[in-house]
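Q: I'd like to learn how to read a fold one feature at a time. Could you walk me through it?

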Amino acid sequence: MKLAILFLCCLMPFLVLLSAHDVKKAAVAKRLRNRNKAPGDGNMVGMIREFIGKKCEIHTLETVHVGIVESVEENWIALRDNEGTPRELVNLEYVTGIRLCKEKRSRKERAAGRA
């Protein structure tokens, strides 16, 4: 009996944390759906067009996609990797954020740039 109570006491916080994560995820998805229905939705596509040709991190609900933005169509972003091969399409309905990646240069390149 004591073992069962101990097991429940340890299991309950874990279950509460899992359910809280699912509720937060559902709230974010609902907010994204409502955002896409708002007037001026084309504004987001226009802002993302500024990232074409640049290496970016695109954050979605569950993952982070890294690549060079090749094109932005109605509701999709086409990404390619550094070699230039098309890699993936990302649906704009699930995008929560986008930012430029910092370009890392070696010490030799930085020294040559200063000279």
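Q: Where does G84 fall on the scale: buried, exposed or partly exposed?

A: Buried means under 20% relative accessible area, exposed means over 50%, and partly exposed is in between (1.4 Å probe, protein chains only). G84 has 34% relative accessibility, so it counts as partly exposed. Before we go on: this is a predicted model, where local features need pLDDT of at least 70 and side-chain atom pairs count only at pLDDT 80 or more, while totals for chains, interfaces and linings use all residues. Residues are numbered from 1 along each chain as its sequence is written, and side-chain values use heavy atoms, with hydrogens and water left out.

Q: Where is the place of G84?

A: G84 sits in the loop between β3 and β4. Those two strands make a hairpin with five residues between them, and G84, in its turn, has a positive phi of about 100°. Across the fold, the C-alpha atom of G84 is 8.5 Å from that of I68, though the two are 16 residues apart along the chain.

Q: How many bridges join strand β3 to strand β4?

A: Two strands pair if DSSP finds at least two bridges between them. For β3 (residues 76-80) and β4 (residues 86-91) there are five, and the strands run antiparallel.

Q: What pattern does the protein follow along the sequence?

A: There are three helices and five strands, and along the sequence they read α-α-β-β-β-β-β-α. Contact means heavy atoms within 4.5 Å. Of the contacts with a separation of 6 or more, 46% are between residues 24 or more positions apart.

Q: Which residues have the most contacts inside the largest nonpolar core?

A: In soluble globular proteins, nonpolar side chains tend to be buried together. A nonpolar core is a set of buried Ala, Val, Leu, Ile, Met, Phe, Trp, Tyr and Cys residues joined through side-chain atoms within 4.5 Å. The largest one here has 13 residues, with V69, I77 and L92 making the most contacts inside it. At least two residues of this core come from each of α2 (42-48), β1 (55-60), β2 (64-72) and β3. Helix α2 gives the largest share, three residues. Overall, 23% of the 115 residues are buried.

Q: What is V72 in contact with, leaving aside its neighbours within four places in sequence?

A: V45, I48, R49 and I52. V72 belongs to strand β2 and is buried because its relative accessible area is 2%. Its C-alpha is 6.3 Å from that of R49, 23 residues away along the chain. Compare G46 in helix α2: with 38% relative accessible area, G46 is partly exposed, and its C-alpha is 8.8 Å from that of V72, at a sequence distance of 26 residues.

Q: Which side chain does a polar contact of 3.2 Å join to that of N91?

A: A polar contact is a pair of N or O atoms within 3.5 Å; within protein, one must be able to donate a hydrogen and the other to accept it, and residues adjacent in sequence count only if both atoms are side-chain atoms. N91 makes this one with the side chain of N75. N91 lies in β4 and counts as buried because its relative accessibility is 17%. Beyond four places in sequence, N91 touches N75 and W76.

Q: At 14% relative accessibility, is T60 buried or exposed?

A: T60, in strand β1, counts as buried at that value. Leaving out neighbours within four places in sequence, T60 is in contact with H65, V90, Y94, V95 and T96.

Key. Helices (H or I, at least four residues) and strands (E, at least two) are DSSP runs, numbered from the N terminus.
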